[in-house]
Structures are given as C-alpha cells and as structure tokens.
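This report looks at one protein chain, part by part. Please keep the sequence and the 3D view open while reading.

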Amino acid sequence: MRLLLLPLLLLPLAALGAIAAAVATARTPRVPGSRTDVETSPTAYARARRHAAVVAGVSWAALVIVALALPQTIPTGPDQGIVLGCAPAVAGVLALLVAAVGERTWSRPADPVRRASLARRTVRDVTPHAPAVLTLAWSAALLLVLLATALTADTDDGRSVTVRHGADATSGAGPYPGTPYGVPIAASVALLLVAALLTLHLVATRPAVSHVSTTDDARLRRAGARRVLAAVQLVVGATLAGVLLVTGTSLRNASRSGYDVGEGWVESIDPVVDALGVAGLVAALVVLVATLVVTGVALTRASHETAPDRTSVVPA
C-alpha cells in the first residue's frame with residue numbers, strides 16, 4: 001500500500017521539475033526597455049486570445065480530471081485519506097504544468113520584421129493583488145488547522161482524536177488529520193505554491209506578443225496570471241474545506257459518549273468539543289462556497305480583461 005503512494009509523491013515533483021526547467025530555459029529578451037510602442041493588430045490579438053483560451057481550457061480540464069480520477073486509483077485502506085487530501089494539490093501542479101507549457105508556446109512572428117514592446121515585467125507587475133492575498137490566506141489557514149489537529153490527535157496513531165468525559169469515560173473518532181495526514185498535505189500544497197510562483201514568472205517574462213501594444217500585452221499577461229491564481233486558490237481552498245469537514249465530523253463524533261449504568265443508557269456530550277466540531281463544519285461550507293465564487297469571478301474577469309472591444313490602438 002505504501003508503494004502505491006510513491007507515484008503520488010513523484011508525480012507533482014516531476015511536474016514541478018518540468019516547470020522549473022521551463023523557467024530556466026525561457027528566453028527573456030536581454031535588451032534595454034523601450035518606450036516605443038506598436039499598434040495592436042486585431043488579427044494578432046485574436047490569435048493571442050485563442051491561444052490563451054486553449055491553454056486555459058486544457059489546464060482546467062487536467063485539473064478536474066486528475067482531481068477526480070486520482071483517488072479512484074488507490075484501493076480502500078488507511079492511506080486512502082492521504083491520497084484524498086493530496087489529490088487536489090497534485091492535480092493543481094499538473095494543471096500548472098500545462099499552463100507553463102502554454103506560456104512557452106506562444107506563436108512566434110512569421111514576418112521578417114517583428115514589432116513588439118520590449119518593456120520588462122516582474123511577477124509582481126502581472127499578479128492581481130486580491131487572488132494572491134486570498135491564496136496566501138487559504139494557505140495560512142490550512143497550515144494552522146493542520147498544526148492544531150497534529151497537536152490534538154492521539155499520540156499513538158495520529159489518525160484519531162479522543163475526548164475524556166470523566167475519570168473512566170472516553171470517546172474517540174477518526175479519521176482525524178493528525179501528522180500522518182497533515183505532513184503529506186502540507187508538503188503537496190507547498191509544491192503547488194512553488195509551481196504557481198514559477199508559472200507566474202513565465203507569464204511575466206515570456207516574449208511580448210508580436211504586433212500587440214504594451215497595454216494589450218499586459219492585459220493578456222494579467223489575465224493569464226489571474227487564471228493561474230484562480231486555480232491555485234481553488235485547490236488550496238478545497239483542500240482546506242476538506243480538512244475542516246473531516247476535523248469537524250470527527251470532533252462531533254468524539255464529543256459524544258454513551259454507556260450503560262445498569263438502569264439505562266446514559267449519553268454524555270462535551271459542549272466545547274461539540275461546538276468546535278460544528279464550527280469546523282460551518283467553516284468548511286463557507287470556505288468551499290467562497291472559493292467557488294472567487295473562481296467564477298476570477299475567470300469571468302480574466303475573460304473581460306482581454307475582450308476585443310477594450311483593445312487599445314497606440315500609434316507606432
């Protein structure tokens with residue numbers, strides 16, 4: 001069973017290595033920045049939008065297919081929860097690999113004279129502020145929840161939680177995301193964030209689209225970065241929602257204890273643990289709805305950002 005988890009670790013590492021190789025071999029123009037702009041060609045801009053749409057479509061298809069199919073490849077067992085927890089991040093890294101390949105395959109100019117802006121950009125220039133902050137917020141929340149569950153999980157197996165109701169009464173429940181679950185999940189999300197940073201670097205430093213003005217080229221980059229961050233925040237948010245759901249369910253189950261006193265069945269409920277369990281379930285629902293709404297808004301804005309009717313025509 002442990003050997004079956006090996007591909008789960010190697011797959012995102014291989015994808016991350018491929019993205020890093022794409023960044024290392026990317027050809028960034030080494031000429032000084034120029035203030036000379038060009039006039040946007042409607043044909044070139046339409047071709048660029050089609051390329052961006054195809055890359056985004058394939059990338060999102062990879063994300064959904066891998067996230068749904070990967071858990072089905074692991075037999076039922078104690079480590080199945082690890083696969084379920086890491087599957088979104090693994091799918092996200094593979095989706096980012098597709099996006100990175102898309103950034104390296106923009107069409108090259110076919111005419112003998114190339115006209116494109118040579119302005120330099122950084123990751124910070126193309127990254128939308130709100131999605132980036134939300135991605136970091138989901139990541140920080142996930143890390144804190146995993147840390148809390150690691151500290152409160154049973155020390156013997158790390159996969160369950162036990163509540164003491166009295167001197168002789170305890171109750172336990174699982175699965176609970178202690179260290180055996182938390183370490184792989186945190187590692188897979190860390191790989192995802194590194195892959196996202198490398199992909200955003202490719203978005204910022206790829207050669208400018210030929211026959212497209214600086215403003216329109218910047219809009220294409222910003223829309224690409226927004227799509228990347230939409231996928232990353234969705235993956236991290238979904239992972240956080242899943243961890244909260246499992247944590248809340250286990251806490252609620254562990255908060256209840258029943259035993260026979262001879263005259264009937266007596267049930268005891270720990271109100272604090274039960275409240276924490278309810279809070280976890282509510283938080284899971286809120287995070288899931290929020291990340292889905294943010295994803296929809298981000299993809300819509302990315303499409304509107306590059307709408308042809310907003311194309312700027314700048315005299316050469």
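## Aromatic rings and charges

Rings of Phe, Tyr and Trp, the last taken by its six-membered ring, are counted as a pair if their centres lie within 6.5 Å. In this structure, which is a predicted model, the count by that rule comes to zero aromatic pairs.

Aromatic rings do, however, meet charged groups here. The charged end of Arg159 sits over the ring of Tyr181, at 5.1 Å from the ring's centre, and Arg206 lies over the face of Trp106, 4.3 Å from the centre of that ring.

## Salt bridges

Side chains of opposite charge can pair when their charged atoms come close. A search through the whole structure finds eight salt bridges. One of them joins Arg219 to Asp216, whose closest N and O atoms are 2.5 Å apart. These two residues are separated by about one helical turn, because they stand three residues apart in helix H7.

## Annotated transmembrane regions

The unreviewed UniProt entry gives the annotation "transmembrane region" to residues 50-70, 82-102, 181-203, 228-247 and 275-300. Two of these spans can be compared with the model itself. Residues 82-102 are 100% helix and 0% strand, and the C-alpha atoms at the ends of this span lie 30 Å apart. Residues 181-203 are likewise 100% helix and 0% strand, with 33 Å between the end C-alpha atoms.

## The largest pocket

The largest pocket has a volume of about 690 Å³, and its lining is made up of 28 residues, of which Leu84, Gly85, Pro88, Ala238 and Gly242 lie nearest the centre. At least two lining residues come from each of the helices H2 (42-69), H3 (80-103), H6 (179-205) and H7 (214-254), and H7 gives the most, with nine residues.

Which classes of residue make up this lining? Sorted by class, the lining of the largest pocket holds 22 nonpolar residues and six polar residues, while no charged residues are found in it.

## Two backbone details in loops

Most residues other than glycine have a negative phi, and most peptide bonds are trans. Against that background, two places in the chain deserve a look. The peptide bond from Gly174 to Pro175 is cis, with omega near 5°, and Pro175 belongs to the loop between strand S2 (170-173) and H6. His211, although not a glycine, has a positive phi of about 65°, and this residue is placed in the loop between H6 and H7.

Terms used: Residues numbered from 1 in each chain as written. Predicted model: local features only at pLDDT ≥ 70, side-chain atom pairs only at ≥ 80, totals over all residues. Heavy atoms only, no water. 1 Å grid on protein atoms, 1.4 Å probe; cavity = no way out; pocket = protein on both sides within 12 Å on 5 of 7 lines; lining within 4 Å. Points joined across faces, edges and corners; volume = space filled by probe spheres on them. Helix = DSSP H or I, 4+ residues; strand = E, 2+ residues; numbered from the N terminus. Nonpolar A, V, L, I, M, F, W, Y, C, P; charged D, E, K, R; others polar. UniProt positions renumbered as here; feature names shortened; annotations may be inferred. Phe/Tyr/Trp six-rings, centres within 6.5 Å; stacked < 30°, edge-to-face > 60°. Lys NZ or Arg CZ within 6 Å of the ring centre and 35° of its normal. Salt bridge = Lys/Arg side-chain N within 4 Å of Asp/Glu carboxyl O.
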